[in-house]
Amino acid sequence: MKRFFEIVKYFVKTYPLSLIVVALVVYASLLRIPQDAVPKVPGLDKVVHVGMYLVLSGMLWAEFLRVFNKKKTPLWHAWVGACLCPGLFGGFMELMQGWCTELRNASWLDFAANVLGVVLASLAGFGAYRYLSRKKRNS
(Lines give C-alpha, C1' and ligand atoms only; values in the text may rest on other atoms or scores of the structure.)
Protein backbone atom coordinates (compact mmCIF):
# COMPACT_ATOMS: atom_id res chain seq x y z
CA MET A 1 0.00 0.00 0.00
CA LYS A 2 2.93 2.30 0.73
CA ARG A 3 4.21 1.83 -2.83
CA PHE A 4 0.79 2.84 -4.21
CA PHE A 5 0.90 6.14 -2.32
CA GLU A 6 4.46 6.77 -3.51
CA ILE A 7 3.29 6.34 -7.11
CA VAL A 8 0.30 8.65 -6.55
CA LYS A 9 2.59 11.24 -4.93
CA TYR A 10 4.97 11.05 -7.91
CA PHE A 11 2.17 11.65 -10.44
CA VAL A 12 0.64 14.50 -8.42
CA LYS A 13 4.05 16.21 -8.14
CA THR A 14 5.09 15.53 -11.75
CA TYR A 15 1.81 16.04 -13.63
CA PRO A 16 -0.39 18.35 -11.51
CA LEU A 17 -1.86 20.39 -14.37
CA SER A 18 -2.54 17.28 -16.44
CA LEU A 19 -4.49 15.76 -13.56
CA ILE A 20 -6.61 18.91 -13.36
CA VAL A 21 -7.26 18.71 -17.12
CA VAL A 22 -8.24 15.03 -16.75
CA ALA A 23 -10.73 15.97 -14.03
CA LEU A 24 -12.18 18.73 -16.22
CA VAL A 25 -12.51 16.38 -19.21
CA VAL A 26 -14.31 13.79 -17.04
CA TYR A 27 -16.63 16.47 -15.70
CA ALA A 28 -17.35 17.93 -19.14
CA SER A 29 -17.88 14.47 -20.65
CA LEU A 30 -20.38 13.33 -18.04
CA LEU A 31 -22.08 16.68 -17.47
CA ARG A 32 -25.82 16.61 -17.96
CA ILE A 33 -26.46 19.08 -20.78
CA PRO A 34 -30.02 19.49 -22.10
CA GLN A 35 -30.17 19.35 -25.90
CA ASP A 36 -31.84 22.76 -26.15
CA ALA A 37 -28.89 24.36 -24.28
CA VAL A 38 -26.40 23.32 -26.98
CA PRO A 39 -26.03 25.72 -29.94
CA LYS A 40 -27.14 24.16 -33.25
CA VAL A 41 -23.81 24.77 -35.01
CA PRO A 42 -22.89 21.85 -37.29
CA GLY A 43 -19.69 20.14 -36.18
CA LEU A 44 -19.29 22.19 -33.00
CA ASP A 45 -19.40 19.03 -30.89
CA LYS A 46 -16.48 17.53 -32.82
CA VAL A 47 -14.44 20.74 -32.51
CA VAL A 48 -14.99 20.64 -28.73
CA HIS A 49 -13.85 17.00 -28.62
CA VAL A 50 -10.71 17.77 -30.64
CA GLY A 51 -9.99 20.76 -28.39
CA MET A 52 -10.46 18.89 -25.11
CA TYR A 53 -8.12 16.07 -26.08
CA LEU A 54 -5.62 18.39 -27.74
CA VAL A 55 -5.37 20.28 -24.42
CA LEU A 56 -5.22 17.04 -22.41
CA SER A 57 -2.50 15.42 -24.52
CA GLY A 58 -0.70 18.75 -24.98
CA MET A 59 -0.54 19.31 -21.24
CA LEU A 60 0.84 15.79 -20.73
CA TRP A 61 3.50 16.45 -23.38
CA ALA A 62 4.36 19.83 -21.80
CA GLU A 63 4.78 18.30 -18.37
CA PHE A 64 6.80 15.41 -19.82
CA LEU A 65 9.10 17.91 -21.54
CA ARG A 66 9.53 19.82 -18.28
CA VAL A 67 10.65 16.59 -16.59
CA PHE A 68 12.76 15.62 -19.63
CA ASN A 69 14.73 18.86 -19.30
CA LYS A 70 15.58 18.06 -15.67
CA LYS A 71 16.50 14.40 -16.05
CA LYS A 72 16.93 11.82 -18.78
CA THR A 73 13.39 10.49 -19.18
CA PRO A 74 12.90 7.98 -22.02
CA LEU A 75 10.76 9.13 -24.94
CA TRP A 76 8.52 6.06 -24.74
CA HIS A 77 7.14 7.50 -21.48
CA ALA A 78 5.70 10.38 -23.50
CA TRP A 79 4.31 8.14 -26.25
CA VAL A 80 2.56 5.95 -23.70
CA GLY A 81 1.53 8.66 -21.24
CA ALA A 82 0.73 11.53 -23.59
CA CYS A 83 -0.45 9.70 -26.71
CA LEU A 84 -1.65 6.15 -26.05
CA CYS A 85 -3.28 6.78 -22.66
CA PRO A 86 -5.29 9.87 -23.71
CA GLY A 87 -6.46 8.02 -26.83
CA LEU A 88 -7.66 5.06 -24.76
CA PHE A 89 -9.12 7.46 -22.19
CA GLY A 90 -11.11 9.13 -25.00
CA GLY A 91 -12.62 5.78 -25.93
CA PHE A 92 -13.37 4.98 -22.29
CA MET A 93 -15.09 8.34 -21.80
CA GLU A 94 -17.24 7.75 -24.89
CA LEU A 95 -18.34 4.43 -23.41
CA MET A 96 -19.04 6.13 -20.08
CA GLN A 97 -21.21 8.72 -21.87
CA GLY A 98 -23.26 5.89 -23.33
CA TRP A 99 -23.52 3.90 -20.13
CA CYS A 100 -23.68 6.56 -17.39
CA THR A 101 -25.67 9.44 -18.85
CA GLU A 102 -29.26 9.66 -20.01
CA LEU A 103 -28.97 12.61 -22.39
CA ARG A 104 -25.71 11.64 -24.10
CA ASN A 105 -24.59 8.67 -26.14
CA ALA A 106 -21.35 7.09 -27.27
CA SER A 107 -20.24 8.01 -30.77
CA TRP A 108 -17.49 6.68 -33.04
CA LEU A 109 -17.13 10.14 -34.58
CA ASP A 110 -16.64 11.69 -31.14
CA PHE A 111 -13.99 9.06 -30.42
CA ALA A 112 -12.30 9.88 -33.75
CA ALA A 113 -12.34 13.57 -32.81
CA ASN A 114 -10.77 12.70 -29.44
CA VAL A 115 -8.01 10.75 -31.20
CA LEU A 116 -7.46 13.58 -33.69
CA GLY A 117 -6.87 15.98 -30.78
CA VAL A 118 -4.36 13.55 -29.27
CA VAL A 119 -2.57 13.11 -32.62
CA LEU A 120 -2.30 16.88 -33.20
CA ALA A 121 -0.93 17.45 -29.70
CA SER A 122 1.48 14.53 -30.08
CA LEU A 123 2.84 15.88 -33.36
CA ALA A 124 3.48 19.23 -31.70
CA GLY A 125 4.87 17.57 -28.56
CA PHE A 126 7.23 15.35 -30.52
CA GLY A 127 8.39 18.37 -32.52
CA ALA A 128 9.12 20.20 -29.27
CA TYR A 129 10.94 17.12 -27.96
CA ARG A 130 13.17 16.98 -31.05
CA TYR A 131 13.90 20.70 -30.77
CA LEU A 132 14.80 20.42 -27.07
CA SER A 133 16.90 17.29 -27.68
CA ARG A 134 18.92 19.06 -30.35
CA LYS A 135 19.31 22.12 -28.15
CA LYS A 136 20.42 19.95 -25.21
CA ARG A 137 22.93 18.08 -27.38
CA ASN A 138 24.44 21.28 -28.78
CA SER A 139 24.94 22.91 -25.40
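Which residues are linked in a network of salt bridges? Asp45, Lys46 and Asp110 are. A salt bridge here is a side-chain nitrogen of Lys or Arg within 4 Å of a carboxyl oxygen of Asp or Glu.

This is a predicted model, in which local features need pLDDT of at least 70 and side-chain atom pairs count only at pLDDT 80 or more, while totals for chains, interfaces and linings use all residues. Residues are numbered from 1 along each chain as its sequence is written, and side-chain values use heavy atoms, with hydrogens and water left out.

**Salt bridges**

The whole structure holds five salt bridges, among them those in the table.

| Pair | Distance, N to O |
|---|---|
| Glu6 and Arg3 | 3.7 Å |
| Glu102 and Arg32 | 3.8 Å |
| Lys46 and Asp110 | 2.6 Å |

The side chains of Lys46 and Asp110 meet in a salt bridge. This pair links distant parts of the chain, with Lys46 in helix H3 and Asp110 in helix H5, 64 residues apart. Helices are DSSP runs (H or I, at least four residues), numbered from the N terminus. Asp110 is buried, at 6% relative accessible area, and Lys46 is partly exposed, at 27%. Buried means under 20% relative accessible area, exposed over 50%, and partly exposed in between (1.4 Å probe, protein chains only).

The side chains of Glu102 and Arg32 also meet in a salt bridge. Glu102 lies in the loop between helix H4 (75-100) and helix H5 (108-138), and Arg32 in the loop between H2 and H3, so the pair ties together parts that are 70 residues apart in sequence. Glu102 is exposed, at 71%, and Arg32 is exposed, at 61%.

Glu6 and Arg3 both lie in helix H1, three residues apart, which is about one turn of the helix. Arg3 is exposed, with a relative accessible area of 56%, whereas Glu6 is partly exposed, with 39%.

**Cysteines**

Zero disulfides are found in the whole structure; a disulfide is a pair of cysteine sulfur atoms within 2.5 Å. The cysteine sulfur closest to that of Cys85 belongs to Cys83, and at 9.6 Å it is too far for a bond. Cys85 is partly exposed, with a relative accessible area of 40%.

Methods:
Helix = DSSP H or I, 4+ residues; strand = E, 2+ residues; numbered from the N terminus.
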